[in-house]
Amino acid sequence: MHTEILVQSMLVPLFLILLSTVEDTLLQSVRQVGGVCKLSTESSLRRCRTPDGKICSGRGKCDCGICICEATDPGKFYGPRCECHDWVCATHNGKICNDRGYCDCGPCECDEGWFGDACQFQEECNLPGKKSKELCKNPQGVVCSNRGTCHCGSCMCDNKGLVTGRFCECDDSECLDEDTGEVCGGHGQCYCGNCYCAAGWHGDKCEFQCDISPWESKRRCTSPDGKICSNRGTCVCGECNCYDVDPSGDWGDIHGDTCECDERNCHATYDRYTDDFCSGHGQCNCGRCDCKEEWAGKKCEHPLSCSLSLDSSLKKCRGTSNLPCFGRGQCQCGLCTCYPPGDSRIHGKNCECDDRQCEDLSGEVCGGHGYCSCGRCICEEGWFGKLCQFPRSCDMSDVQSKELCETSDGVMCSGKGSCHCGKCMCSSQDWWVSGEYCECDDRECDKHDGLICTGNGLCSCGNCECWDGWTGNACEIWVGAEY
């Protein structure tokens, strides 16, 4: 009896599958007889058309009312009208559906206890409120960039679908075409508020079509040294748009058919306090100085009346550095003049002491727990660290301390430092590691004249925070009073 019931239970689904197969075969045979489609073209296309009017979602071909989806790397389209495409499911920390769910035709189906577009939020949170909030702060210290709310150390962004990013820092509404409302005019992809156009299209929102091939465009933009726009601009339809490094026009711009001329090269390290190029003793031609009589040097900085040769003068100004006057002053005939004039924080025979290095972003010297000596903090008893920011004694347990040093994924100080009294001490061997949780890479900070932030600011989590009087991505432009 039991065997008979088991056989019947197995036969029923088999019969349904067989019936479904026969039904599909009959439908197909009605549509096609002898390989000829019995449906009219209009009727065939109507069956393949999506609600927005696209045939097979624009990802396949319509064959007698049936969509044949195109296989596309890195995955494939599927569904009755090729509407499904798993590999564009939302990601978090580079993982599809955060590895806390599976992709179902575009949306993520989250595991129990997780939610969000990318299954990035945990329903039950074990993080203390203070730590959760800290993990949601962007590099400028703003929680979720003021575009979302913080949940268990992760940002839930407002304006769902348009505001994205770990800290809600990306506003993709900037990519919407004002006339059509399409993302990047339908001719590109939007990444963090910027349109990346498909081949043959250009413009801020991919609104212009190029009438030459991508290969010809690249050829026209290639500089004599083989680089696209000399690595100082972007190639748009065969023409280089050079970076606007100095909107004021005083400091020096980049120009040339392939952006080969960089007038910034005509400024001596500390000649930027004035508008003079080539130290005021020459003419800048395509980023090179043609010196007047009685002057020499790459930037016309050396008077020929000096009893020292150019090399001897520079050697005397370098001291133990590889830059004249440690990159903090002007060398003339072997003597350094430290800049800015009147700023007692820059001193020494070769301007080797920069006491600004003892200040944090708020301007406090050595955290208020020490004094500065030639750019280094001498800490009071009971304190240590580069800026005397760590107390030697700690009034919290190891468990409490480590809890404050863990990132949202449970890693201590991002795996790049050790924890002391609830604060991360980043590895001293890797000078570029910084940040509250050692999450920052200061190698990403811009340089000029070989100096990070040109020596005129502090590198904060990959971005230059310029001191008063300086601006530019690398704090290379002086906007203060002339001397």
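Let's start with a hairpin. S17 and S18 form one, with 2 residues between them. Cys192 sits in that turn and has a positive phi of about 55°. Tyr191 stands opposite Asn194 in S18. On terms: strands are DSSP E runs of at least two residues, helices are H or I runs of at least four, and both are numbered from the N terminus. Two strands pair if DSSP finds at least two bridges between them.

Now the ground rules. This is a predicted model, so local features need pLDDT of at least 70, side-chain atom pairs count only at pLDDT 80 or more, and totals for chains, interfaces and linings use all residues. Residues are numbered from 1 along each chain as its sequence is written, and side-chain values use heavy atoms, without hydrogens or water.

A second hairpin is made by S33 and S34, with 2 residues between them. Cys374 in the turn has a positive phi of about 50°. Strand S33 (370–373) and strand S34 (376–379) are antiparallel over 4 bridges. Gly370 stands opposite Cys379 in S34.

Why notice these phi values? Because most residues other than glycine have a negative phi. Two loop residues also have a positive one. Asn98, with phi near 60°, lies in the loop between strand S8 (95–96) and strand S9 (101–103). Cys144, with phi near 50°, lies in the loop between helix H3 (129–135) and strand S13 (148–151).

Are these two buried or exposed? Buried means under 20% relative accessible area, exposed over 50%, partly exposed in between, with a 1.4 Å probe and protein chains only. Asn98 counts as buried because its relative accessible area is 11%. Cys144 is buried too, at 0%.

Next, Thr258. Its loop runs between strand S23 (254–255) and strand S24 (261–262). Thr258 counts as buried because its relative accessibility is 9%. What does Thr258 touch? Contact means heavy atoms within 4.5 Å. Leaving out residues up to four places away in sequence, Thr258 touches Arg220, Cys221, Thr222, Ser223, Pro224, Cys229, Ser230 and Cys240.

Take Cys331. Beyond four places in sequence, Cys331 touches Glu301, Ser313, Leu314, Cys317, Pro324 and Cys325.

Back to S18, by way of the second largest pocket. The pocket holds about 610 Å³ of space. Its lining has 24 residues, and Cys197, Trp201, His202, Cys235 and Val236 lie nearest its centre. S18, strand S19 (201–202), helix H4 (214–221) and strand S21 (233–236) each give two or more residues to the lining. The grid is 1 Å over the protein atoms alone; a pocket is an open set of points where a 1.4 Å probe fits, with protein on both sides within 12 Å along at least five of seven lines, and lining residues have an atom within 4 Å of a point. Points are joined across faces, edges and corners, and the volume is the space filled by probe spheres set on them.

Finally, totals. The protein has 6 helices and 46 strands. Of its 483 residues, 33% count as buried.
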